[in-house]
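Here is a short walk through one protein model. Start at a pocket, then step back to the whole chain.

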Amino acid sequence: MDIFSTPIGDKDPECGRFETVSFDNPSIITEKAIHIDDFYADDTWYTKLQRAAGKLGVEERGIERVPSDERTDTSASKMATVWLSCNMVVSSFAVGAIGITIFHLGFVEAALTIFFINVLSILPNCFFATFGPRFGLRQMVLSRFYFGYYGVKIAAMVNVIICIGWSSVNVIVGAQLFHAINSDMPGWAGILIIAILTLIICVFGYRIVHVYERYAWIPIFIIFLIVLGQFAHSGEFDTLLPLRTGTASAGSVLSFAGAIYGFGSGWCVVAADYTVYQPVSRSGVSVFFWTFSGLIFPLLFAQLLGAAVATATVHNPEFQSNYAESGIGGLFSTVLIPPFGRFGEFCLAILALSITANNCPNIYSVSLSLQVLAQKTQNIPRFVWTCIATGMYIAISIPGYDRFHAWLENFMLIIAYWLGIYEGIALSEHFVFRRGFGGYVPEDYTNPSALPPGIAATLAICFGILGTVLGMSQVWFTGPISKLAGNGDIGFELAFGVSSVVYIALRAVEKSYFGR
């Protein structure tokens with residue numbers, strides 16, 4: 001079976017806004033795709049708001065399916081640069097650094113983990129990105145074919161938590177950088193600056209997000225090269241941190257691997273959101289490898305740089321004290337400010353603002369997940385939800401500013417747990433039951449009676465959580481299987497394995513009984 005084949009033909013009839021009667025239940029009317037002009041079809045408050053937004057260049061479309069004749073974004077490189085910019089950021093650097101500062105690995109151990117786990121973690125992102133041009137459906141809407149029309153609300157709610165949580169973690173990193181420049185600047189001020197800039201971009205939607213992400217990586221990459229050169233010149237890089245052995249070392253590697261996987265694979269639950277305007281004729285192979293190239297380079301480069309710089313915290317008192325006081329910002333300030341002075345402070349300010357690039361996909365996509373929750377939430381325009389979500393993560397990140405390290409480690413591992421469950425269910429449905437892209441009827445996305453009932457998926461989530469508990473390693477709980485692995489966190493692996501097996505077994509029964 002060729003997973004990149006394109007069996008669209010008569011299974012993808014899109015000719016404007018039209019309706020069809022479901023053969024499973026003739027009383028249910030479903031919409032196939034909605035043209036942009038149809039957002040102005042009546043004179044309700046919703047239409048008036050959309051019309052006003054459209055005049056300002058704001059994207060009106062939310063989770064409605066994009067018609068094939070409006071999938072006209074012909075720039076293939078955008079599929080790479082959107083991920084290049086949102087991962088060539090301080091947050092990626094911070095993830096690499098915690099391999100040394102939190103998990104106490106040597107550089108070689110950390111580097112090997114970063115390389116192999118990142119390659120593995122981004123494969124689901126690249127795969128789900130191929131659905132966007134093919135079906136014109138957002139990722140959480142596509143997930144109705146895995147979790148069912150009602151079951152997907154669980155996935156959407158978790159995705160809201162992930163997007164809001166990541167935005168909070170990221171903005172705290174940026175605020176730390178501002179604090180490293182000026183110790184009198186309170187954390188909430190830096191948080192507000194980054195959050196407002198992100199909001200301005202995300203309100204306008206898909207096109208402006210892609211325009212910004214197309215270039216945002218360039219100054220950050222240049223500054224990272226400066227950091228690399230200056231740190232190498234300083235002689236503080238410690239490649240000889242000892243390689244440890246035994247179950248304790250294995251446990252640290254497993255936990256760090258979970259954090260890396262949670263960061264790299266976290267985009268899989270929004271991947272199709274950024275390819276839905278790509279043309280139907282776009283090759284799945286092209287989408288996959290453009291996405292892969294945009295993810296792998298910044299993740300490896302930034303995380304390896306973070307791990308390298310963090311080695312100085314082991315033996316250098318200045319790095320230790322600055323890291324303890326200002327976190328990741330302290331590491332950057334120690335490398336950049338003494339040799340470069342005001343220019344070093346300017347570099348730190350640019351790095352702080354780079355968080356905007358990392359948060360744009362979160363805040364754009366969270367509005368789409370919120371619309372999936374209910375018909376009433378779908379009736380609220382996407383750009384209104386963007387504003388609400390921004391207020392939510394500001395409210396979370398300000399009180400969380402002083403507890404960043406615990407937030408970062410615990411939150412990334414918890415994300416990895418859910419990603420294991422999501423990927424286990426979605427990939428099992430795609431390959432085992434739908435047997436590739438030919439098994440989808442995309443116009444059924446609004447028809448509950450044509451979608452899976454969601455019982456198997458919901459139970460698989462429950463069993464996946466059980467697997468997570470058995471393998472997790474958190475400060476507040478360590479599972480029995482984790483204890484056997486040197487207290488290493490293997491919650492993701494168990495979540496994926498258990499949810500996959502349970503889903504395949506229960507879905508076979510469900511499909512046999514319900515016929516869908």
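Six residues, the largest share of the lining of the second largest pocket, come from α22. This is a predicted model, where local features need pLDDT of at least 70 and side-chain atom pairs count only at pLDDT 80 or more, while totals for chains, interfaces and linings use all residues. Residues are numbered from 1 along each chain as its sequence is written, and side-chain values use heavy atoms, leaving out hydrogens and water.

A pocket is an open set of points on a 1 Å grid over the protein atoms alone, where a 1.4 Å probe fits, with protein on both sides within 12 Å along at least five of seven lines; lining residues have an atom within 4 Å of a point. Helices are DSSP runs (H or I, at least four residues), as are strands (E, at least two), numbered from the N terminus.

The second largest pocket has 15 lining residues. V158, I414, Y417, W418 and I465 lie nearest its centre. α9 (152-181), α22 (404-433) and α23 (455-471) each supply at least two residues of this lining. By type, the lining has 14 nonpolar residues, one polar and no charged.

Now look between α22 and α23. The loop there holds N447. N447 counts as buried because its relative accessibility is 1%, and buried means under 20% relative accessible area (1.4 Å probe, protein chains only).

Step back to the whole chain. The chain has 25 helices and four strands. Of its 516 residues, 61% are buried. Contact means heavy atoms within 4.5 Å. Among contacts between residues at least 6 apart in sequence, 83% join residues at least 24 apart.

Methods: Ala, Val, Leu, Ile, Met, Phe, Trp, Tyr, Cys and Pro count as nonpolar, Asp, Glu, Lys and Arg as charged, and the others, Gly among them, as polar. Buried means under 20% relative accessible area, exposed over 50%, partly exposed in between (1.4 Å probe, protein chains only).
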